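The sequence and the structure are shown first.

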Amino acid sequence: MKPEILQIGPMLAHVEQVLAESYIVHRYWQADDHAALLTEAGPRIRGVATDGHAGLALDIMDALPVLEIVSSYGVGYDAIDIPACAARGIHVSNTPDVLNDAVAELTAGMMIALCRHIPQADAYVRQGRWVDGGYRLMSELNGARAGIFGLGRIGKEIARRLSAFRMQVAYHGRHEQPDQPYEYFADLTEMARAVDWLVVIAPASPETAGIISRDVLVALGPQGCLVNVARGSLVDEHALVELLGAGELGGAALDVFADEPNVPVELLVMENVVLSPHQGSATEKTRRAMGDLVLDNLKAHFAGKPLLTPVC
Ligand code: NAP
Ligand code: 8YV
C-alpha cells in the first residue's frame, strides 16, 4: 500500500508527478470541502508536503492523528509550529543550502539595483529621455560598509559576494564566529550605526519579530540602506515606511514583506526603494533542487531511513 499524504498547495510539476506516482495524494487546496477531506482521509494521512508560505496550520495538524512527517519546500520553517510537531513526534524537514547561492545573488543584485538606480535608468532609456541628457550620478557599493544580520548559510554567501565587491563586511548574530574574517558586533543597533547597508538574513521567530526596530533603522540613518531578504516580520514595517518617506532612512531593497503579497502602498511610489516579490530562491535550477529535497526527505522517511535535512 502506498502511504497517504496531504499536499497543502500546488508544487512544481516534477514534484507533483513523483508525489502522484509514489503516494496516495490528497490535494488540500483543491478540495471543495476541507473539513470533509480531513474527516474522511485525515486518520490515514502519514505525510504532509507543504512550503514555507503555507506551512501547516495547527487545525490541520490536529486532524492528522497518525502524521509522521512534514516535508517543507523552503529553508525557513516559521509557518510550521516546530514545538507542536516535536511534542507529537512528527518529523519536519526543510530545504537548506541548495538555495544559498540564488538568494545571495538576488541580494547582491538588489543592492546594485538600488544604488545604481537600475530600474529607474532602464525606464529613463525606454521613455526616450536620454536624448535630453544623461542620467544623474549615483553611489556605489565599492568601499561601502555592509552589516549582515544573520551570518548563517545564506549570510556567508552574501558576505563572500559583498567582499568581492570590495565592501567592508561586518555581522551580528547571537554568537561570534571566530573562524569568519568579518568584524563581529555584539549589538545590532551599534552595527546599524556603523554601516551603510544593513542586510537582514536571519530566521523569523518570536525572538526576531520586529528586531529591525525603529531604533535600528534610525541608527542606520539618512544615508543608510536596509536590505531584507529574510522575512517581513523581522522589520518594523510602519517605521520603515515612515522613515523612508521622511528621508531619515536612505533606501531599502525588499524581497519580503509583513503581509505578502500585499505591499504597503507608500513604498510603491518611492524612488529610493527596490521591490521584489519574494524571489530569493526563484530560479529554475534552485527550485528544482529544493523540490528534489522535498521528495528525497519523504522517500527517506518512508524507507525507514534518516531524513536528509531534518529540522526536528
Ligand atoms: P541559518 O543558516 O540558520 O542562519 C541563520 C543566522 O541567523 C545564523 O547565523 C544565526 O546566528 C543568526 N541569528 C541571529 N539571531 C537569531 C535568532 N534569534 N534565531 C536564530 N538565528 C539567529 O539560516 P539560512 O539558511 O541562512 O536562512 C536564513 C533565513 O533566510 C531563513 O530562515 C528564511 O527565513 C530566509 N530566506 C529567505 C529567502 C527568500 O526567498 N527571500 C530564501 C531563503 C531563506 P546566531 O546563531 O549566532 O545567532
Ligand atoms: C521560498 C524562502 O520562496 O526558503 C525560504 O525560506 O523564503 C523561499 O526559498 C519559500 O520558502 C517557498 O515556499
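This is a predicted model: local features need pLDDT of at least 70, side-chain atom pairs count only at pLDDT 80 or more; totals for chains, interfaces and linings use all residues.

Two residues are in contact when heavy atoms of theirs lie within 4.5 Å.

Glu157 belongs to helix H7, which covers residues 153–164. Buried means under 20% relative accessible area; Glu157, at 18% relative accessibility, therefore counts as buried. Which residues is Glu157 in contact with, once its neighbours within four places in sequence are left aside? They are Asn100, Asp101 and Ala104.

Strands of a sheet pair through backbone hydrogen bonds, in either a parallel or an antiparallel manner. Here, 5 strands make up an open sheet with parallel pairing, and their order is S2-S1-S3-S4-S5. Strand S2 (24–27) and strand S5 (91–93) stand at the edges; each has a single partner strand, so one side of each lacks a neighbour in the sheet. On average, and with direction ignored, neighbouring strands of this sheet are turned by 20° against each other.

Strand S4, residues 69–73, runs parallel to S5 and is joined to S5 by 3 bridges. Ser71 has Ser93 in S5 as its bridge partner.

Helices also pack on this sheet. Helix H2 (residues 34–41) touches strand S1 (4–7), S2 and strand S3 (45–51), and the direction of H2 makes about 165° with that of S1. Helix H12 (residues 284–302) touches S1, S3, S4 and S5, with its direction at about 170° to that of S4.

Definitions and conventions. Residues are numbered from 1 along each chain as its sequence is written. Chains are lettered from A and ligands numbered from 1 in the order in which they are written. Side-chain values use heavy atoms; hydrogens and water are left out. Two strands pair if DSSP finds at least two bridges between them. Helices (H or I, at least four residues) and strands (E, at least two) are DSSP runs, numbered from the N terminus. Axes are lines fitted to C-alpha atoms, for helices over the stretch in contact, and angles run from 0 to 180 degrees between N-to-C directions. Buried means under 20% relative accessible area, exposed over 50%, partly exposed in between (1.4 Å probe, protein chains only).
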